[in-house]
Amino acid sequence: MPAAEKLRHFRRGIGYGAALPALRDHLPSYLVAAMVQFRYTCSRHQALFIDTLRQEGCTDPAKMDEARRMVLSWLSEKYPLIVFEHFARESCIGCDFEAARLNLDDIAERLRQVARELARR
Ligand SMILES: [Zn+2]
């Protein structure tokens, strides 16, 4: 089969729409992180965030970014001072929580809950 025909066959048969989600699920974390609008989050907490969402089946970078905004809004209601200081100091919020020796279990649980909700959409 000539190359041009092979390419047409590939495009028609598999289609970019079908091929992309599968590819997206296997992108390395640092590439996904580039698509999520992290501002001050360190690379360790970006990877932790992405891994947690992936474990719950939330792999779309757009949905991951929505999860980030949802959890940040929840955090700013629950821990307004820490969130305020995080913006003021431009520090990683994950590191801020660790430094404050706060239990991260409820934050992780909230993140998993949001991820499951978004993965279903
Ligand atoms: Zn951090």
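Tutor: A residue counts as buried if 20 or more other C-beta atoms lie within 10 Å of its own, and as exposed if 12 or fewer do. Keep that in mind for this predicted model.

Student: What share of the 121 residues of the protein chain counts as buried?

Tutor: The share is 13%.

Student: Which elements make up the chain, helices or strands?

Tutor: There are eight helices and zero strands. Along the sequence the pattern reads α-α-α-α-α-α-α-α.

Student: How do you know that the span of helix H4 agrees with its number of residues?

Tutor: H4 covers residues 43-55, which is 13 residues. The expected span is 1.5 Å times one less than the number of residues. That gives 18 Å, and the end C-alpha atoms are 18 Å apart, so the two agree.

Student: Which residues of H4 are buried?

Tutor: Gln 46, Phe 49, Ile 50 and Leu 53 are. They cover an arc of only 95° around the axis, so they sit on the same side of H4.

Student: Why do residues three or four places apart point the same way in an α-helix?

Tutor: Because an α-helix has 3.6 residues a turn.

Student: Which residues are exposed on the other side of H4?

Tutor: Arg 44, Asp 51 and Gln 55 are exposed there. After H4 comes Gly 57, with a positive phi near 85°.

Student: Why is Glu 90 called exposed?

Tutor: The limit for exposed is 12 or fewer neighbours. Glu 90 has 8 C-beta neighbours inside 10 Å, so it counts as exposed. Glu 90 lies in the loop between helix H6 (80-89) and helix H7 (93-99). Its phi is positive, about 55°, although Glu 90 is not a glycine.

Student: What makes Arg 101 exposed?

Tutor: Arg 101 has 7 other C-beta atoms within 10 Å. The limit is 12 or fewer, so Arg 101 is exposed. Arg 101 is in the loop between H7 and helix H8 (105-120). Its phi is positive, near 55°, and Arg 101 is a residue other than glycine.

Student: Which residues form the largest nonpolar core?

Tutor: That core has ten residues, including Val 32, Phe 49, Ile 50, Leu 53 and Leu 111. The elements giving two or more residues to this core are H4, helix H5 (61-78) and H8.

Student: Which residues does Leu 111 touch, not counting those up to four places away in sequence?

Tutor: Leu 111 touches Thr 52, Ala 67 and Val 71.

Student: Among contacts between residues at least 6 apart in sequence, how many join residues at least 24 apart?

Tutor: In the protein chain, 69% of them do.

Notes:
Residues are numbered from 1 along each chain as its sequence is written. This is a predicted model: local features need pLDDT of at least 70, side-chain atom pairs count only at pLDDT 80 or more; totals for chains, interfaces and linings use all residues. Helices (H or I, at least four residues) and strands (E, at least two) are DSSP runs, numbered from the N terminus. The arc is that of the directions from the helix axis to the C-beta atoms. A nonpolar core is a set of buried Ala, Val, Leu, Ile, Met, Phe, Trp, Tyr and Cys residues joined through C-beta atoms within 7 Å. Two residues are in contact if their C-beta atoms, placed from the backbone, lie within 7 Å.
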